[in-house]
Amino acid sequence: MSERLPPRDDLALMAGYHSPQVDVAVRLNTNEAPEPPPPAFIEALQDELGRVAFHRYPDREARELRAAIGELHGFRGEQVFAANGSNEVLQTLLLTYGGPGRTVLVFEPTYALHAHIARITGTPVATAERDEQFRLAPDTAVVAVRRVKPAITFLCSPNNPTGLLEDAETVAAVIAAAPGLVVVDEAYGQFAPRSSIGDVTDDGNLVVVRTFSKTWSMAAARLGYCVAPASVVAELEQVVLPYHLDSVKQAAGRLALRFEKEMDGRVAALVEERGRLALALADLPVDVWPSGANFILFRPRARDGADVWQALVDRSVLVRNCSAWPRLEGCLRVTVGTPEEDDAFLTALREVLA
Ligand SMILES: Cc1ncc(COP(=O)(O)O)c(C=O)c1O
């Protein structure tokens, strides 16, 4: 039998980005919402399912959904691009504005998929470093932008996995200096005290990415979007696969937005719970970073991070093991869960660190 053709050479050395799906009682590893959507949302969706024309392709441009998302943020539907999770939004941005011969810039440590998806799309990745406390000063950012001349500069606010917000001056300085698009990933934007979404304009270079996976309790539905200049959205629509958003997902996204008040209430509760978790962690022998997201990064001071992670799994608590990630030696990341889940995590962690 002849040997099968291997995958592309440039993919050979790339590791995947996956959090292990371990069977445990308390799952605090992927920053999902701890609760399902409100029952009234499920009822409305079931009702809507009866009206879906399953024998027809969906509305290719997802006009109603995009108009509803636009209205939520004070934009027109033409300024919204929606896709299967914000990861697909990022991929479409990279397919459209990246590619061989163009470079993107990321500031490490940050969300690993910015660089990962860039490489999959054949886009070279340049990196610059955040400081020791994972902050990014305006000068550092601008020097890097001038050096790299990126087609896309990625910022992430709040940043995953550190939880820190990008400094407002840094975002403004990058927008002013960047020759290409500035993509601010706000997957956790609703949990933070400030956002860049209001700064998007049709004649600017700013794109803000959001997701239904966290605040809207819809990680299973895979729906994300960006607010961007209308001309950028038009380009993205040319590149993404036809009919990429199925009718059920379009309906789910549209209906979810009717529950904005409930979701705001949940976000407020999670932010309060984040405060309680941070206070409890501050009493333990761990370093903790201030978070504007629905997760907290921490580093056990006297114990190996990977050992602590395993000891937590042995107690049926799963957090994200970042301990082998560059710059994050020994760090773990915990998602804010329900008070009961967080108590279970804290009890297990106290036991492990005792
Ligand atoms: C910073 C950031 N961006 C994007 C995503 C992707 O989210 P999704 O594809 O579920 O919308 C995540 C998910 O964890 C994230 O942390």
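How far is an oxygen atom of the ligand from an N or O atom in the side chain of Asn160? The distance is 2.8 Å. This is a predicted model, in which local features need pLDDT of at least 70 and side-chain atom pairs count only at pLDDT 80 or more, while totals for chains, interfaces and linings use all residues. Residues are numbered from 1 along each chain as its sequence is written, and side-chain values use heavy atoms, with hydrogens and water left out.

**The ligand**

| Residue | Distance to a ligand oxygen atom |
|---|---|
| Asn160 | 2.8 Å |
| Ser213 | 2.6 Å |
| Lys214 | 2.9 Å |

Taken alone, the ligand exposes 400 Å², and the protein buries 92% of that; accessible areas come from the Shrake-Rupley method with a 1.4 Å probe. The ligand is surrounded by 13 residues, each with a heavy atom within 4 Å of it. Ser86, Asp185, Tyr188, Thr211 and Ser213 are the closest.

**The two domains**

An automatic or database assignment divides the chain into domain 1 (9–37 + 261–353) and domain 2 (39–259). Their centres, taken over C-alpha atoms, are 24 Å apart. In domain 1, 35 residues are in contact with 37 residues of domain 2, contact meaning heavy atoms within 4.5 Å. The two domains bury about 2700 Å² between them, 64% of it on carbon and sulfur atoms; buried area is the accessible area (1.4 Å probe) that two parts lose on being put together, summed over both.

One salt bridge is found across this interface; the term requires a side-chain nitrogen of Lys or Arg within 4 Å of a carboxyl oxygen of Asp or Glu.

Notes:
A polar contact is a pair of N or O atoms within 3.5 Å; within protein, one must be able to donate a hydrogen and the other to accept it, and residues adjacent in sequence count only if both atoms are side-chain atoms.
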